[in-house]
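Hi everyone, thanks for coming.

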Amino acid sequence: MDPDVAPRAIVAGHGAFPAGLISAVEQITGRGNALIPFSNASLGREDIESGIRELIAVHAVQVIFTDLPGGSATLAARRVQRDTPGLALVTGVGLASLIDFVFCATEMSAADAARHAAEKGRAAIVAVAV
Amino acid sequence: MPVALYRIDDRLIHGQVVVGWGQPLNLGFIVLIDDVVAESEWEQELYRLGVPPNMEVYFVSTADAARDIDKYMADRRTGMILTGSVEAMLTLARTAVRPITAVNVGGIHHREDRTQKLRYVFLNESEEQALRDMAELGIVVTAQDLPSATAHSLEALLRGCAS
């Protein structure tokens with residue numbers, strides 16, 4: 001972990017998926033510190049939402065990545081986004097998005113970096129015909 | 001096809017409901033019984049986000065559910081009746097015109113007044129009693145988060161069996 005890298009976004013989702021993704025980002029870029037994992041495991045709706053709110057307050061991040069577009073972490077993030085101006089949400093997150101984000105987040109605004117990461121993630125999904 | 005699943009899940013419509021159960025059951029509709037969501041267009045749009053276009057969602061209040069449950073039970077498509085609380089399901093069981101034979105406890109998560117029973121089920125005393133009341137109505141109550149998981153009997157659930 002690079003101690004000079006400040007938190008830039010929350011990665012929220014099911015089970016160990018957020019921590020696993022961040023571990024992969026760290027392995028590839030050394031910038032895992034830019035991302036904060038949040039798992040919905042064993043949490044109800046209110047606790048997921050309050051957990052995300054708490055992380056935003058503590059780390060002053062303006063971007064949330066979530067896994068499933070209709071998953072409980074995404075629904076909670078949408079509720080937080082409703083009363084948090086400037087908060088960007090990217091759903092369907094994968095490794096390609098996060099790697100792009102940790103490099104862009106220092107050069108772009110949070111919203112632009114989130115948008116750029118979403119485009120990178122979309123472009124990384126390819127069906128390769130045999 | 002009767003309603004395939006009566007589920008209690010405090011996350012309401014989410015991945016396990018739509019994908020975990022929805023795909024193997026080939027659900028045609030979900031009836032979400034929740035007074036707050038039934039009153040809020042914004043919340044309803046939120047929950048529709050995760051539902052595929054071929055799956056219809058009805059948002060109804062507890063009072064309307066008791067009135068309309070017969071209509072959903074008679075629907076020819078495969079359906080799921082979903083409540084966010086044990087109390088709402090018990091109310092439905094007591095008022096439904098046709099008897100509910102089985103209830104699935106799919107997810108009741110941590111809260112300060114609750115004790116953990118399973119990885120995905122936490123209950124307070126009132127909720128435990130409500131589940132017992134369901135059993136006294138002849139309903140088979142089991143805890144099971146996903147179709148591939150073990151279904152725990154009510155006795156095992158209340159005992160707090162390992163998961």
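**Where the two chains meet**

Let's start at the contact between the chains, where 13 residues of chain A are in contact with 14 residues of chain B. Please keep in mind that this is a predicted model.

Which parts of chain A build its side of this contact? Helix H2 (45–59) and helix H3 (72–82) of chain A each supply at least two residues. Of the elements, H3(A) gives the most, with 3 residues. If you sort the side of chain A that touches chain B by class, you get 4 nonpolar, 6 polar and 3 charged residues.

Now let's look at chain A as a whole. Its secondary structure comes to 5 helices and 4 strands. Reading from the N terminus, you can follow the elements as β-α-β-α-β-α-β-α-α. Along its principal axes, the C-alpha trace of chain A spans about 45 × 40 × 25 Å. How does its radius of gyration sit with a compact globule? For 130 residues, such a globule would have a radius of gyration near 14 Å, and chain A has 14 Å, so the two agree.

On the inside, buried residues make up 43% of the 130 residues in chain A. Among contacts in this chain between residues at least 6 apart in sequence, 66% join residues at least 24 apart.

Let's hop over to chain B and its sheet. Here we have an open sheet of 7 strands with mixed pairing, in the order E3-E2-E4-E1-E5-E8-E9. At the edges are strand E3 (56–60) and strand E9 (152–153) of chain B, each pairing on one side only.

One pairing to look at joins strand E2 (residues 29–33) to strand E4 (residues 79–83) of chain B: the two run parallel, with 5 bridges between them. Within that pair, Phe29(B) stands opposite Gly79(B) in E4(B). Helix H1 of chain B, residues 15–25, packs on this sheet and touches strand E1 (3–9), E4 and strand E5 (102–107) of chain B. The direction of H1(B) makes about 165° with that of E1(B).

That's my tour, and I'm happy to take questions.

Conventions. Residues are numbered from 1 along each chain as its sequence is written. Chains are lettered from A and ligands numbered from 1 in the order in which they are written. This is a predicted model: local features need pLDDT of at least 70, side-chain atom pairs count only at pLDDT 80 or more; totals for chains, interfaces and linings use all residues. Two strands pair if DSSP finds at least two bridges between them. Two residues are in contact if their C-beta atoms, placed from the backbone, lie within 7 Å. Axes are lines fitted to C-alpha atoms, for helices over the stretch in contact, and angles run from 0 to 180 degrees between N-to-C directions. Ala, Val, Leu, Ile, Met, Phe, Trp, Tyr, Cys and Pro count as nonpolar, Asp, Glu, Lys and Arg as charged, and the others, Gly among them, as polar. The radius of gyration is taken over C-alpha atoms; the globule rule is 2.2 Å times the number of residues to the power 0.38. A residue is buried if 20 or more other C-beta atoms lie within 10 Å of its own, exposed if 12 or fewer, and partly exposed in between; C-beta atoms are placed from the backbone.
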